Amino acid sequence: MSEGGITRKQAVIVGGAGLVAGSAAVAGVAIRLRPGKPALVSSELTARFRDAELPGDDPGSNDWRHADPIIVPLQPQQVAQPFLQEATIHELVARALHNGKELGLLLEWGDADKDDLDGIGVFHDAVAVQLPARAGTTPPITMGGPGAPVHVLQWRATWQRDLAGKTGVDQIYPRVVHDVMPDDILSAADALAYWPARAVGNPVSITARTTAVEEIVAEGFGTVTHLAKQRARGGATHDGGRWKVAIAVPLQRPEAGDPLLPDTQWPIAFAVWQGADDNRGARKHIAGWLTLGLEGTA
Amino acid sequence: MAKVRNWQLGRAMDYPYDAPRPKKQFCMVMDTNKCIACQSCTIACKSTWTWGKGQEYMLWNNIETKPFGFYPTGWDVNVLDLLGQQGWDGDTYTGTTVFEAAPVGEKVLGWKPDEADWNHPNLGEDEPTGTAGETTYIPDTPHANMWMYYLQRICNHCTYPACVAACPRQAIYKRPEDGIVLVDQTRCRGYQECLTACPYKKTMFNLETRVSEKCIGCYPKLEQGLQTQCTTSCIGKLRLTNYVSTPENADPRKPADFLIHIRKLALPLYPQLGLEPNVYYIPPVHVPPEYLEQMFGPGVPGAIETYQNAKDDPELLGLLMLFGATERVISTFDVADGVARGYDDAGQEIVAVPLKEPTFVRPLEFATELKGEPVTGFRHNT
């Protein structure tokens with residue numbers, strides 16, 4: 001961590017239980033991110049109550065100063081094949097707020113490369129938040145398990161770029177020359193047949209997006225199911241070799257599971273993908289279950 | 001890991017899943033000796049299936065010159081290098097497969113092609129090499145030792161596909177009705193694990209839809225009893241779309257079974273990798289056998305001998321003449337009275353080809369050129 005404005009502070013460990021073993025060189029340090037409280041390595045993330053609109057798609061908002069940052073150690077996913085053979089980042093900084101209607105998260109990590117265009121053997125940066133679907137459960141960390149579903153919010157750099165309408169072949173190869181493409185000569189409906197995954201509604205393939213965050217439920221690796229009703233929103237910046245991603249999701253989440261009520265605690269986990277290091281799918285950096293505490297509204 | 005029987009290896013092998021065989025197994029037989037690399041098959045495939053935006057570089061079917069042609073670059077030599085030197089004991093493979101050699105944390109031993117590896121579909125085209133020794137047909141010429149040949153490539157619709165094994169979402173599946181391997185376009189999330197795992201590099205990433213796609217064995221045609229686009233467009237008539245049984249169930253009336261199991265003329269591509277691929281090749285007769293055995297396994301010498309003696313084997317000769325003779329899938333065939341006949345599933349005759357075409361000798365008096373008159377026509381020697 002050598003980015004501007006971030007300095008390591010004295011060793012402080014808050015609530016070490018539940019921290020992921022094997023995370024490299026991060027235990028017991030604090031970093032200062034911006035005016036506000038220093039980030040501490042912790043397994044407890046508090047979502048401060050704030051009676052205001054949440055900056056759910058604005059990672060640069062000053063409102064995030066009201067949240068207490070924590071450092072979340074990351075390790076390579078090596079539970080299910082295929083493994084991430086080697087970790088290339090070791091920590092994530094997380095903040096949380098809620099306003100009684102939405103849960104907002106600000107997630108930051110160092111990444112020298114901005115990878116937001118998928119290509120042949122080229123992968124994107126991404127971050128995900130995992131919550132149990134049902135109150136009072138701690139599903140397997142491996143994206144839940146049979147009968148123990150999880151609710152996942154995944155932000156992808158690719159989808160962020162989609163929002164600006166700048167994806168696809170013309171962006172990957174700016175000097176590409178096409179002869180005649182189906183969409184040049186056919187109606188939109190007929191041309192869709194030449195993008196099969198888009199034609200069948202695969203959410204990965206749809207570039208006309210309204211949000212850079214996808215809500216899914218899963219009961220184990222390989223069981224990702226896209227929620228029919230997508231309510232999460234998000235936004236991101238990549239400056240100075242650092243991603244800052246804001247995500248917000250309604251506390252009421254009928255399609256995913258039980259509501260995230262104020263004054264309750266939930267397990268929460270994170271995953272980060274570094275596109276430049278060929279991270280994708282199960283090849284990711286993960287954090288074990290932490291505790292998310294939503295402050296009461298009183 | 002499950003134990004599965006791979007007849008091409010002559011032994012059981014480890015595979016990540018217990019993979020039951022399909023009811024029927026799609027296959028293709030290629031006679032490499034007849035190919036001129038005109039790429040009619042490539043264009044037929046491209047113009048049928050992959051002319052959408054995002055599919056520009058995709059060639060589900062391609063023809064490459066061996067030994068220097070590859071698409072993507074180095075697809076076969078890279079995986080052979082990863083696997084290291086392996087061996088056969090007769091018809092039994094004593095080495096390890098890409099599944100058995102998988103590193104910790106991986107389902108398959110594979111490699112990820114770079115974007116640049118897909119830039120050169122015609123790499124090495126028509127480039128010969130000079131180690132043919134005495135196998136050349138043209139001895140005592142300056143180029144007597146030179147050889148090259150064309151390899152026709154589609155997805156092998158393997159019995160034990162590496163793409164299926166590697167997909168973390170089970171988004172790739174093998175159809176139980178005909179063994180065709182498909183990517184479920186609703187499930188794929190674009191992780192490209194299949195691109196790394198498939199040693200034949202026949203899954204490809206769509207740059208617009210951001211998921212994998214691959215050869216679909218022209219299943220909409222197959223479901224109507226028709227052979228694939230690459231087969232029916234082949235001007236060399238070197239392809240046969242068919243179904244193959246396991247050796248113990250081989251039926252000599254069925255074309256692929258006859259060629260693969262009875263005559264043992266058509267051989268799998270890199271069987272040692274362990275996928276039990278289902279495109280079978282009649283090996284080129286002019287290429288050093290050591291090279292061919294690496295590519296097609298230990299059956300090469302026998303296959304070449306059989307092919308060179310085909311003129312004395314009317315049944316085989318007749319079947320080879322049914323290649324490219326009909327768009328319909330030939331279920332069974334026979335050769336009798338100098339005529340090869342193909343039949344559909346119901347036993348109805350769908351094609352008949354004489355082993356020898358009747359010839360007509362034009363009387364000399366019709367040879368206008370001999371009379372000093374303008375030439376009005378000539379007999380095409382077909």
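User: How many residues of chain B are in contact with chain A?
Analyst: The model is predicted, with local features requiring pLDDT of at least 70 and side-chain atom pairs pLDDT 80 or more, while totals for chains, interfaces and linings use all residues. Residues are numbered from 1 along each chain as its sequence is written, with chains lettered from A and ligands numbered from 1 in the order written. Two residues are in contact if their C-beta atoms, placed from the backbone, lie within 7 Å. On that criterion, 32 residues of chain A meet a set from chain B that numbers 32.

User: Which element supplies the largest share of the side of chain A that touches chain B?
Analyst: Helices here are DSSP runs of H or I with at least four residues, and strands are E runs of at least two, numbered from the N terminus. At least two residues each come from α2 (169–172), α3 (182–185) and α5 (196–199) of chain A. The largest share, three residues, belongs to α5(A).

User: Is Glu219(A) buried, exposed or partly exposed?
Analyst: Glu219(A) sits in the loop between β12 (213–218) and β13 (225–226) of chain A. A residue is buried with 20 or more other C-beta atoms within 10 Å of its own, exposed with 12 or fewer, and partly exposed in between, C-beta atoms being placed from the backbone. Because Glu219(A) has 19 C-beta neighbours inside 10 Å, it counts as partly exposed.

User: Which residues of helix α1 of chain B are buried?
Analyst: Helix α1 of chain B spans residues 40–49, and what covers its buried residues includes β4 (62–66), β7 (149–153) and α6 (229–232) of chain B. The buried residues are Cys41(B), Thr42(B), Cys45(B) and Trp49(B).
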